[in-house]
Amino acid sequence: MQRFLMLVAIAVLAAIPALVLRLTDAKVGPIGETAAYGVAILSAGFLLSWGAEAAERHVSQGLIIAIVALVTVLPEYAVDLYYAFQAGKAGPESQYVHYAAANMTGANRLLVGLGWPLLVVMHWTRGGGRAVELSRGNAVEISFLLLASLYAFVIVLKDSITLLDFAVLAAIFGAYVWRVHGAPGADKDEDEEPGPAAAMNTLPVRTQWAVMAGLTLAACVIILASAEPFAEGMVRSGRLLGLNEFLLIQWLAPLASEAPAVTVAVLFVLAGRAANGLGALVSDKINQWTLLVGMLPLALSLGAGTVAALPLDARQAEEFFLTAGQSVFALALLLRLRLGLGSALALAGLFSVQVGLAFAYRNDEARTVATLTMLAWIYLGLAAILFLVNGRRLLGLLRTALPERGTEETSSPKESELAGGRR
């Protein structure tokens with residue numbers, strides 16, 4: 001408990017410079033402000049993650065699951081929705097339109113291209129084997145993420161994200177929550193939370209809820225105070241340093257907002273529960289690929305004061321296309337309910353190539369768009385091969401995800417793989 005209190009104190013202290021800057025309206029330059037507010041958002045993300053991980057042990061109802069899911073990715077939501085809101089205020093020709101799309105696609109691709117492989121590599125280096133084996137219950141997450149990823153191509157064809165897309169994506173997320181809301185709670189002896197969440201579980205239940213509420217409230221205050229200046233600081237820092245603002249917002253900003261969720265997943269790996277860590281990141285991807293994407297036109301409409309869609313120009317449409325292609329390829333790798341070391345390295349390698357090419361062609365819009373299109377088709381081509389090879393497993397996975405009466409919700413990864421193969 002003493003270590004937990006120390007970590008909370010460190011997180012709060014890390015956010016104090018940003019809060020002082022916001023309250024006093026002091027100026028320390030774009031780079032200093034970006035660093036201060038970025039650290040504050042990072043620390044708030046850790047506070048949220050600790051509270052949310054502990055809360056998941058006690059709740060299973062759909063509404064609470066949805067709230068917990070939203071809370072864990074609030075840092076990413078705050079930054080991206082701010083850009084979308086400003087895009088609505090400034091108009092469809094504003095750079096904020098591009099920033100909103102860039103932040104969303106960057107966050108999604110970072111999570112899959114960097115977060116998923118990191119867990120597998122750590123699992124392997126710790127002697128856990130060359131693959132992270134998922135359980136039959138994870139078929140639900142994989143199936144709903146596949147549904148959301150397929151719908152993403154509808155958005156690509158329309159070149160815009162509308163309020164109708166928000167309704168569809170929110171419905172997918174709601175169906176996902178409904179499907180998992182009856183899942184059994186964690187076993188107290190076998191499913192102890194890693195890290196700080198484990199310390200909270202030693203407290204009386206009422207005290208736990210009070211601590212979780214306090215962490216969430218403190219984190220929300222920090223994020224609400226830091227999101228706007230951090231988002232604006234990124235833009236001004238890029239201009240000051242002569243760097244590409246779009247790439248900074250696409251890759252640097254999500255590093256701060258995604259770090260807490262990835263760190264919690266890493267703690268699961270360190271605790272010998274790599275499957276839980278990978279499952280948590282798959283759930284985070286569902287949240288971002290449904291609600292975050294869908295809420296962008298909602299925030300833009302609020303900023304504009306009227307119903308409006310988030311337009312995707314040639315560059316943004318291909319960014320979205322590439323993100324959807326990567327998502328489908330990643331899901332194809334999970335059809336066996338496992339993510340092997342080779343698959344993880346493939347995800348990381350392709351991700352490194354796309355980031356490298358993005359910086360190499362940062363001043364050549366035509367080459368950038370062509371590169372995005374090429375990479376998207378590479379992802380889809382590889383995914384098509386995997387789906388053809390594992391077609392039976394795909395059908396078995398989808399059947400497992402459907403609600404069934406009188407059947408067990410859990411089974412071993414090996415049993416699930418065999419079931420998919422037999423079908």
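## A tour of helix contacts

Select Phe230, Met234, Val235, Gly238 and Arg239 in helix α9, then Glu245, Leu248, Ile249, Leu252 and Ala253 in helix α10; these two sets meet. By class, this contact has seven nonpolar, one polar and two charged residues. Contact means heavy atoms within 4.5 Å. Ala, Val, Leu, Ile, Met, Phe, Trp, Tyr, Cys and Pro count as nonpolar; Asp, Glu, Lys and Arg count as charged; the others, Gly among them, count as polar.

A word on the model. It is predicted: local features need pLDDT of at least 70, side-chain atom pairs count only at pLDDT 80 or more, and totals for chains, interfaces and linings use all residues. Residues are numbered from 1 along each chain as its sequence is written, and side-chain values use heavy atoms, with hydrogens and water left out.

**Stop 1: α9 and α10**

Show residues 205–241 for α9 and residues 245–270 for α10. Their axes come within 9 Å and cross at roughly 135°. Axes are lines fitted to C-alpha atoms, for helices over the stretch in contact, and angles run from 0 to 180 degrees between N-to-C directions. The two helices are therefore oblique to each other. Under 35 degrees counts as roughly parallel, over 145 as roughly antiparallel, 65 to 115 as roughly perpendicular, and the rest as oblique.

**Stop 2: the whole protein**

Zoom out. The protein has 16 helices and four strands. Helices (H or I, at least four residues) and strands (E, at least two) are DSSP runs, numbered from the N terminus. Of the 423 residues, 55% count as buried. Buried means under 20% relative accessible area, exposed over 50%, and partly exposed in between (1.4 Å probe, protein chains only).

**Stop 3: α5 and α12**

Now select α5, residues 95–125, and α12, residues 314–333. They pack at an angle of about 20°, with their axes 10 Å apart. α5 and α12 are therefore roughly parallel to each other. By class, the contact has eight nonpolar, seven polar and two charged residues.

**Stop 4: Glu319**

Click Glu319, in helix α12. Is Glu319 buried or exposed? Glu319 is buried, with a relative accessible area of 2%. Its side chain makes a polar contact with the side chain of Arg109, at 2.9 Å. A polar contact is a pair of N or O atoms within 3.5 Å; within protein, one must be able to donate a hydrogen and the other to accept it, and residues adjacent in sequence count only if both atoms are side-chain atoms. Leaving out residues up to four places away in sequence, Glu319 touches Thr105, Arg109, Phe246, Gln250 and Leu372.

**Stop 5: Thr323**

Stay in α12 and pick Thr323. Thr323 counts as buried, at 0% relative accessibility. A polar atom of its side chain lies 2.8 Å from the backbone oxygen of Glu319. Thr323 also touches Thr105, Asn108, Arg109, Lys285 and Trp289, not counting residues up to four places away in sequence.

**Stop 6**

Go to Ala148 in helix α6, residues 139–158. Ala148 counts as buried, at 1% relative accessibility. Which residues is Ala148 in contact with, leaving aside its neighbours within four places in sequence? They are Ile172, Trp289 and Thr290. Next, display Ile286: Ala148 and Ile286 are 138 residues apart in sequence, yet 7.6 Å apart in space, C-alpha to C-alpha.

Finish at Val168, in helix α7, residues 163–180. Val168 counts as partly exposed, at 27% relative accessibility. The C-alpha atoms of Val168 and Ala148 are separated by 9.2 Å.
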